[in-house]
Amino acid sequence: MSALRAYLAAAVLALMLALSTAALSQDTTSKADRGFLQGLIEDNLSGIGREVRLVGFAGALSSRATIDELTVADAEGVWLSIRGAAIQWNRSALLRGRIEIAELSAGEIVVARTPVASPEPGLPDPAAKPFRLPDLPVSVEIGTISADAVTLGAPLLGEEVAVSLGGSLRLSGGEGA
């Protein structure tokens, strides 16, 4: 069950990062500008051995941003897909050092397999330290986290698992709920 939680947490984190980055970016209406903005977001979320792609991004400066599809791929192909993603958030809360998200949702999240490890030199052994919640410079509160369908591929748990996701999150001062 801890593996299931870890993969769901990774999917929710990817969704939150993509939508938050998108929402913090400039809003634009022209097709050329939107292509630039989408490329900027993809480039900032991608890295060595990880390619992030967004399709159908809308509502950058509004209080509700949406993405039709977000994919994360490695050398073997797409391992994470998130479809029908939305974030509704309070932009002015950033001025008070808070991230307040009323809704972080997705229609479908598919984690097909574990990602292939990238050959990044100098990374510490992941087993070297016990898990701790990060102590962020801002507090994070998400009122509703939901996904209508979450599919975990057979390579993760030995057989394909389909669930739905619902909850909330609060993280402040290194403590969370």
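Here are my entries on the salt bridges.

**Ground rules.** I'm working with a predicted model, where local features need pLDDT of at least 70, side-chain atom pairs count only at pLDDT 80 or more, and totals for chains, interfaces and linings use all residues. Residues are numbered from 1 along each chain as its sequence is written, and side-chain values use heavy atoms, with hydrogens and water left out.

**Entry 1: the count.** I looked for salt bridges, meaning a side-chain nitrogen of Lys or Arg within 4 Å of a carboxyl oxygen of Asp or Glu. The count comes to 9 salt bridges.

**Entry 2: around Arg-53.** I found Glu-42 paired with Arg-53, with the closest N and O atoms 2.8 Å apart. Glu-42 sits in helix α2 (residues 31-45) and Arg-53 in strand β1 (residues 51-58), so this pair ties together parts 11 residues apart in sequence. Helices (H or I, at least four residues) and strands (E, at least two) are DSSP runs, numbered from the N terminus.

Arg-53 also bridges to Glu-51, at 2.9 Å between the closest N and O atoms.

Next I checked burial: buried means under 20% relative accessible area, exposed over 50%, partly exposed in between (1.4 Å probe, protein chains only). Glu-42 is buried at 10%, while Arg-53 is partly exposed at 35% and Glu-51 is partly exposed at 39%.

**Entry 3: Arg-64 and Glu-103.** Their closest N and O atoms are 2.4 Å apart in a salt bridge. Arg-64 is in strand β2 (residues 64-74) and Glu-103 in strand β4 (residues 98-111), so the pair ties together parts 39 residues apart in sequence. Arg-64 is partly exposed at 37%; Glu-103 is buried at 19%.

**Entry 4: a network.** I noted that salt bridges link Arg-96, Arg-98, Glu-100 and Glu-141 in a network.
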